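This report describes a protein model with attention to its strand pairing, its nonpolar core and its aromatic contacts. The sequence and the structure are shown first.

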Amino acid sequence: PITSGDRLSVGADGRAELQIGTASVHLDRSTSFEFIELDDDIMQMSLTEGVINVRVRTLADREKIQLETPNATVFFNHPGDYTVEVDPQTDRTIVRTRNGEAEVTGASKSFRVRAGQQGTFTGLDGLTADIDSITPRTPFESWANDRDRRGDNSEAAKYVSREVVGYEDLDGQGEWINEPSYG
């Protein structure tokens, strides 16, 4: 179990996968990450260095998902597939939106990174943005996408809520049958 205030660091040879309700967060090598606040309505995270992939499957009316970086705040306003990369040495945050829409704010400025776009945000006092077409998936993004695809294609998801941790692990452990007297 993970809760508000928990920090995770991934070493140079590791990767991590977290499931939070219907969302998933993948951490790449050499990543420092924290949950600032985590409850039913808010998932506020912090990325101080490294790369994460956030997959938002559903977003309830009052639910907010955001990521703090050293120079910006990224709001994931719609279900989608997002990658955020932070380089603290250059005060740079890169946001890739495969699908969905992200809002990036900092220094009283706000920018939108729409589906198929990549935004590079630099500076601490005056946030500048360079928004362009998205680049091809990195090996890390492909790994995260493959992990998410496992949940997308899950037979168990037809019978068990995606909010049940480990639901996709039921696949391959037997088969689902409908018992007329039970369901």
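Does glutamate 141 count as buried or exposed? At 0% relative accessibility, glutamate 141 counts as buried, since buried means under 20% relative accessible area. The model is a predicted one.

## Surroundings of glutamate 141

Glutamate 141 belongs to helix H1, which covers residues 139-152. When neighbours within four places in sequence are left aside, the residues in contact with glutamate 141 are Thr83, Arg96, Arg98 and Pro136.

## Strand S4 and its partners

Strand S4 (residues 31-38) is largely enclosed by the rest of the structure, because six of its eight residues are buried. S4 pairs with strand S1 (residues 7-10) in an antiparallel arrangement joined by four bridges. Within this pairing, threonine 31 in S4 is the bridge partner of valine 10.

S4 also pairs with S5, in the antiparallel sense and over six bridges. The two strands S4 and S5 form a hairpin, with three residues between them. Methionine 45 in S5 stands opposite phenylalanine 35.

## The largest nonpolar core

The largest nonpolar core has 30 residues, of which Val25, Met45, Ile52 and Phe76 touch the most other members. Strand S5 (residues 42-56) supplies the largest share of this core, with six residues.

Not counting residues up to four places away in sequence, isoleucine 52 touches a set of residues that includes Val25, His26, Leu27, Thr31 and Phe33. Leu47, Leu67, Tyr82, Thr83, Val84 and Phe140 are also among the residues that isoleucine 52 touches.

## Aromatic pairs

The structure holds four aromatic pairs. One of them joins phenylalanine 76 and tyrosine 82 in a tilted arrangement, at 4.7 Å centre to centre and with 45° between the planes. Both phenylalanine 76 and tyrosine 82 are buried.

The rings of phenylalanine 111 and phenylalanine 121 also form a tilted pair, because their centres are 5.7 Å apart and their planes stand at 50°. Phenylalanine 111 lies in strand S11 and phenylalanine 121 in strand S12 (residues 117-122), so this pair ties together parts that are ten residues apart in sequence. Phenylalanine 121 is buried, with a relative accessible area of 0%.

## The hairpin of S10 and S11

Strand S10 (residues 101-106) and strand S11 (residues 109-114) are antiparallel and pair over six bridges. Arginine 112 in S11 stands opposite glutamate 103. The hairpin of S10 and S11 has two residues between the strands, and alanine 107 takes a positive phi near 50° there.

Terms used
Residues are numbered from 1 along each chain as its sequence is written. This is a predicted model: local features need pLDDT of at least 70, side-chain atom pairs count only at pLDDT 80 or more; totals for chains, interfaces and linings use all residues. Side-chain values use heavy atoms; hydrogens and water are left out. A nonpolar core is a set of buried Ala, Val, Leu, Ile, Met, Phe, Trp, Tyr and Cys residues joined through side-chain atoms within 4.5 Å. Buried means under 20% relative accessible area, exposed over 50%, partly exposed in between (1.4 Å probe, protein chains only). Contact means heavy atoms within 4.5 Å. Two strands pair if DSSP finds at least two bridges between them. Rings of Phe, Tyr and Trp (its six-membered ring) pair if their centres lie within 6.5 Å; planes under 30 degrees apart count as stacked, over 60 as edge-to-face and the rest as tilted.
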